[in-house]
Amino acid sequence: MPKRSITLQFLLWTWGFFLLVLICVFVFATGRAEKAVLAEAEERARTSLDLAGYLLSKEPGLDGRSALAAYADALGPHLGFRLTYIVDGKVVADSAVHAAGVPEMEDHAGRPEVRQALAGGFGQDVRKSQTLGRDMLYVARAWPGGEGVPAGVLRLAMPMSALGGELSRLRDAILAVLALVFVAGGVAAYGLARSTSRSLKEIAGVVAAVGRGHYDRRIHIVPARDFAPLAASINILAERIGGQVREIEERRARQEAVLESMAEGVAILDGVGRIVAANRALREMFPKLPEPVGRTPIEAGMPLCVERALTAFDPEAGPWERIGRFELANGRVVEVTAARLADEADPAARVATFHDVTEAASMDRIFRDFVIDVSHNLRTPLTKVRGFAETALDLLPPGGDEAGRGTNAAMALGAVIRAADDMKTLIEELLAAARERFAAARAATPGGDAVSALKQALMLSAPLLRAKGVVARLVAAPDGPLPVRAAYDDMVRAFCAILSQTPDAVSVGVTASREDGHAVLRFEGPANLDIALPTADLADGGGEACLDGASRVVRLPLAGGAA
């Protein structure tokens, strides 16, 4: 059922109130008018009765009942009302009945007005006349009589039809006035309701425009003083909403820029395991679908093992977890880390980070293959040669004073054994040199800027820290970059891991400085007793993490040019 407009509701309520009030006024006014008209008719009847009595008293020659009846017949056409004279309940004269018919009239002793007149000198009654068949007003007065006229009751009967016509005209006049008031009140109420409705529509239009994104809309013209607080509140609300929306859009733009510029693939998953946001790097890692948003990880092209690992991650177990290293179908190797997303609406939401470690995995594989090749292709044959030489030397015939040992064959076998030992030593030196060269190559590889990695970690951890009520800020840092040997991505992960383990509702101040060829970063503030320091993320770059009281300290070797 459609709702009525405020104009119609206001008009109906106003008309209903007016109708109720005007009905009460009409009933009260007509009642008072009826009483006034009846009182006036009664007064007029009394006056007429007194006049009739006066005429009877002044009329000469009324020496008996027959003369009185004849006089009443002669006077009747000139009166305009019915005059009756009653003696002992019997009608003696009646202006509406000829003298010959008067004796046949019924006894009037039981009439109320007659009884009242006999008892108190005056009587009055309103009833329907049995003779005339219409409502009549009766007034009666005791009459002392006169010469030839016995004492009795003089009664006057006046028809109520005259009073009814007068009352009808009075009711029509009152009804016309009240109807005019009703219509005028309805028109005024309609105009007021239309004005109010128009004002509300203008205010609603501004609110709707603000809801559609037009935050510059304001209410400038207020139709009434009562609407001023509402208009001011809506203007303040629109201004604040506009400011907050702009701030949110700016933050979202910055976060999107940071997310898109990251080398790691990032996917945000909701509680049911569907991707709700993804960055450019993730799309490049899994190019099966141009837009993975709204799909599950396996639908986006991720291996089944990755989806199972992400599904098995329990956000209640900890803020983050490294769920494993996986090799993709295209040959790339990624390390996947899952972190809890602080979202009250969806507590099971999480963030999955895919770090490409293909190059590192390839280097590890090359180094492992090199060691295996050296071990199998060089050390095993040398061991065999040395064993054969020792066996052959033991098979030589013994000579006096070990003369046989001094033969050319023995000397040759001894030379083979010494050469095998020298070759084994050379292989060990080559392996040690390879290890040193590999470590030197990793150390010579340009690392990352520790300050930039710290700033990115603070930005990435901001939603989680804000949900925990943690305030984290960079207190002091060197001017310019702080290059270290550690990889940029490893540092970001390590710093995020330290920040994610901060207790709730505390403040953390981070400082970065150079000390003895190292970059030292201090996370000063309360820490959990069971904190897990990310030493594995920093080990490849020669970094270390430790606790100094309540402070978490990270030491990273500076790059060659910065030391």
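This is a predicted model: local features need pLDDT of at least 70, side-chain atom pairs count only at pLDDT 80 or more; totals for chains, interfaces and linings use all residues.
Local features require pLDDT of at least 70 and side-chain atom pairs pLDDT 80 or more, while totals for chains, interfaces and linings use all residues. Residues are numbered from 1 along each chain as its sequence is written, and side-chain values use heavy atoms, without hydrogens and water.

Helix H3 spans residues 112-120. Helices (H or I, at least four residues) and strands (E, at least two) are DSSP runs, numbered from the N terminus. Glu 113, Val 114 and Ala 117 of H3 are buried. Buried means under 20% relative accessible area, exposed over 50%, and partly exposed in between (1.4 Å probe, protein chains only). The buried residues of H3 pack against strands E1 (82-87), E3 (122-128), E4 (135-143) and E5 (152-159). On the other side of H3, Ala 119 and Gly 120 are exposed. Gly 121 follows H3 and has a positive phi, near 95°.

The structure holds nine salt bridges. A salt bridge places a side-chain nitrogen of Lys or Arg within 4 Å of a carboxyl oxygen of Asp or Glu. Asp 490, Arg 493 and Asp 537 are linked in a network of such bridges. Arg 493 meets Asp 490 at 2.3 Å, N to O. Both lie in helix H11 (residues 488-500), three residues apart, so about one helical turn separates them. Arg 493 also forms a salt bridge with Asp 537, with the closest N and O atoms 4.0 Å apart. This pair links distant parts of the chain, as Asp 537 is in helix H12 (residues 535-539), 44 residues from Arg 493. Asp 537 is buried, at 6% relative accessible area.

Key:
Contact means heavy atoms within 4.5 Å.
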